[in-house]
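Thanks for coming, everyone. Please take a look at the structure on the screen, and I will walk you through a few parts of it.

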Amino acid sequence: MLAVVGTVPDPDAGLIFGEAVLGGDTLVVNGQSLAVNRGTPALLGAAAAMCGVLTIPPPYAYLAGDIGLGRGSRDLYKFLTENIAAQKISVLVFHYLQPDVDWHNKVLFAIEEMEPRPFLIADAGFMYAAKMSGQAPSYDLFTPDAGELAFLADEKAPHPFYTRGFILHEEGCAPKHINRAYTHDNAAKTMLVKGRVDFVADANGIFASIDEPDEEALEAIGGTGDTLTGIVSALIHWGMGVREAAAKAAKINRLAGRYARPQPDTQVVEIIDCIPKAAKEVLDL
């Protein structure tokens, strides 16, 4: 099972569990309809679109309503700590949750009891918590953007707010920041770094750079990093090796963006709609 953990911006949503089924611009999880715009619903939408192309079951969602106050995130952390070890999950993706080192460690300890241990992917808030706890090397894949990579590269920053300016504001320094993150054990086994150029790297260096097609309008569209994480998670669940999956996911995401003919007001769901066409072309399906 491919499982995705994250939040939705609705304080009254409570905990929502179930398969994520994509229908038009709506994601349905256990009878609840969620708008696919950005954040975890965008990740789930992209993963669901990819699963459809690959003819594998849709992703399973573990969601909580949270608008940044943390209560929903804590409820979800608690649920996972108590229940995740009994689940059969091949790929487990952590997305937007309020970073909490203590709860992160409790969840990670519970995961270590799983047989077999799932492939672990972290993005956004959970990636922050992994780094803050000193447990980043326990993860198989991080998917940071440039700002998140700067935090991983800053070995002294205890929180993203304290990323030092000389690191945060360096332009075009992703290769340097990747090396720095690995030097200080603040990176997963593999990283897919999202940006104008996407990089796939590990502790030995960068082994893939993807910069085509290049659609400048995509830079202004929120959620395209979330879709990339959804695509790569589905490919790994399908059985593709992490290096190949990361590189092909970057290509699929970019190509879907081109097919969407993006404008500054383009919504991410329009790009998700183009993922099947892009995936079939890149994967020669």
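Contact here means heavy atoms within 4.5 Å. Helices (H or I, at least four residues) and strands (E, at least two) are DSSP runs, numbered from the N terminus.

A word on the source. This is a predicted model, where local features need pLDDT of at least 70, side-chain atom pairs count only at pLDDT 80 or more, and totals for chains, interfaces and linings use all residues. Residues are numbered from 1 along each chain as its sequence is written, and side-chain values use heavy atoms, with hydrogens and water left out.

Back to H4. How many of its residues are buried? The count is 8 of 9, so H4 is largely enclosed by the rest of the structure. Buried means under 20% relative accessible area, exposed over 50%, partly exposed in between (1.4 Å probe, protein chains only). Among the buried ones are Phe-126, Met-127 and Tyr-128. Just after H4, Gly-134 takes a positive phi of about 80°.

Now its partner, H5. H4 covers residues 124–132 and H5 covers 146–153; they pack at about 10°, with axes 10 Å apart. Axes are lines fitted to C-alpha atoms, for helices over the stretch in contact, and angles run from 0 to 180 degrees between N-to-C directions. From H4 come Ala-124, Met-127, Tyr-128, Lys-131 and Met-132, meeting Glu-148, Phe-151 and Leu-152 in H5.

Next, the cores. A nonpolar core is a set of buried Ala, Val, Leu, Ile, Met, Phe, Trp, Tyr and Cys residues joined through side-chain atoms within 4.5 Å. The largest has 56 residues, and Met-50, Leu-235, Ile-252 and Ile-275 have the most contacts inside it. Helix H1 (residues 40–54) gives the most to this core, with 9 residues. A second, separate core has 38 residues, including Tyr-62 and Leu-80.

Look at Tyr-62. It is found in strand S5 (residues 60–65). At 4% relative accessibility, Tyr-62 counts as buried. Beyond its neighbours within four places in sequence, its contacts include Met-1, Phe-17 and Phe-79.

That's the tour. Questions, please.
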